[in-house]
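Please keep the sequence and the structure in view while reading.

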Amino acid sequence: MGSLSSPSEAPSKSKTLIDQSELRRLFDAQRQHLDHFFTRLDLSQAQAFAQALLDAPGAVFFTGVGKSGIVARKIASTLASLGFPRSAFLDPVDALHGDIGAVSPSDLLVLFSKSGASEELMRLVPCARARGAYLVSVTSSSSGKDQLSDACDLAVHLPVEREICPFDLAPVTSAAIQMIFGDTVAVALMAAKKLSRNEYAANHPAGRIGKSLIFRASEDYQSRCNGCGGNAEDGGATITGPIPACS
């Protein structure tokens, strides 16, 4: 086994220095590309996408390959935390090796792909279609038309001017746009579902978010009970669920 370096040893400094002016140029370019997305996004498509998620009678699956897959997984997780109990990521490769069995006719499948031509997703489409799922594509092809969009029931186009990668290849701008789009729609769904602070707290029992929300909810409950002659404590138990109303 290799030996570990001593904790007292500082990492050697690189001979190459990061140019601050170049870093500023890149941040400015990224902001410009994000502005391009914001000013050209078709809000009617975004609304249709959000409505489809809200009205889905069954599970909502998200899928994608590479960086788009990472974004799809994150958005699925965000929706689950907002009270979509059957929001999940469906790995496109695993789906073709059996996991497609989790998809039913009442489900919705969202496919994220920058190019709209990912081979794995194109192979998944007819399988999901055979299961009766409603298919939604989220793509950023330069022409606005692509194979995946044509194969789905609903198509959303996310305008991408270019990647800030010098080769215009690494998805460092398009992935950010996918994330912004998904998270913004998630917040719109919070408003549409009228998600309360207590409901959100119930989905986050641990971590800083959960502890702060539960603490606040407990304080509110104690205050309300004091006002009606009750007490929020019950044998020293801690309130961790949605806070009931005082009778």
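The largest nonpolar core holds 35 residues, of which Phe49, Leu53, Phe62, Val110 and Phe181 touch the most other members. A nonpolar core is here a set of buried Ala, Val, Leu, Ile, Met, Phe, Trp, Tyr and Cys residues joined through side-chain atoms within 4.5 Å; buried means under 20% relative accessible area, exposed over 50%, and partly exposed in between, for a 1.4 Å probe and protein chains only. The model is predicted: local features need pLDDT of at least 70 and side-chain atom pairs count only at pLDDT 80 or more, whereas totals for chains, interfaces and linings use all residues. Residues are numbered from 1 along each chain as its sequence is written, and side-chain values use heavy atoms, with hydrogens and water left out.

At least two residues of this core come from each of H1, helix H2 (43–55), strand S1 (60–64), helix H3 (67–81), strand S3 (108–113), strand S4 (134–139), strand S5 (154–157) and H7. These elements are DSSP runs numbered from the N terminus, with helices (H or I) of at least four residues and strands (E) of at least two. H7 gives the most to the core, six residues. Leaving aside residues up to four places away in sequence, Phe49 touches Phe62, Val110, Val136, Val138, Leu154, Val156, Phe181 and Val185, where contact means heavy atoms within 4.5 Å. A second, separate core of 16 residues has Phe61, Val103, Val125 and Leu135 among its members.

The text now turns to a helix pair. Helix H1 (residues 20–40) packs against helix H7 (residues 174–193) at an angle of about 45°, and their axes lie 11 Å apart. H1 is therefore oblique to H7, a class left for angles that are not under 35 degrees (roughly parallel), over 145 (roughly antiparallel) or 65 to 115 (roughly perpendicular). Axes are lines fitted to C-alpha atoms, for helices over the stretch in contact, and angles run from 0 to 180 degrees between N-to-C directions. His33, Leu34, Phe37 and Phe38 of H1 meet Ile177, Ile180 and Phe181 of H7.

Two backbone details remain. Asp168, in the loop between S5 and H7, has a positive phi near 60° although it is not glycine; its relative accessible area of 31% makes Asp168 partly exposed. Lys194, in the loop between H7 and helix H8 (197–202), likewise is a non-glycine residue with a positive phi, near 55°. Lys194 counts as exposed, at 68% relative accessibility.
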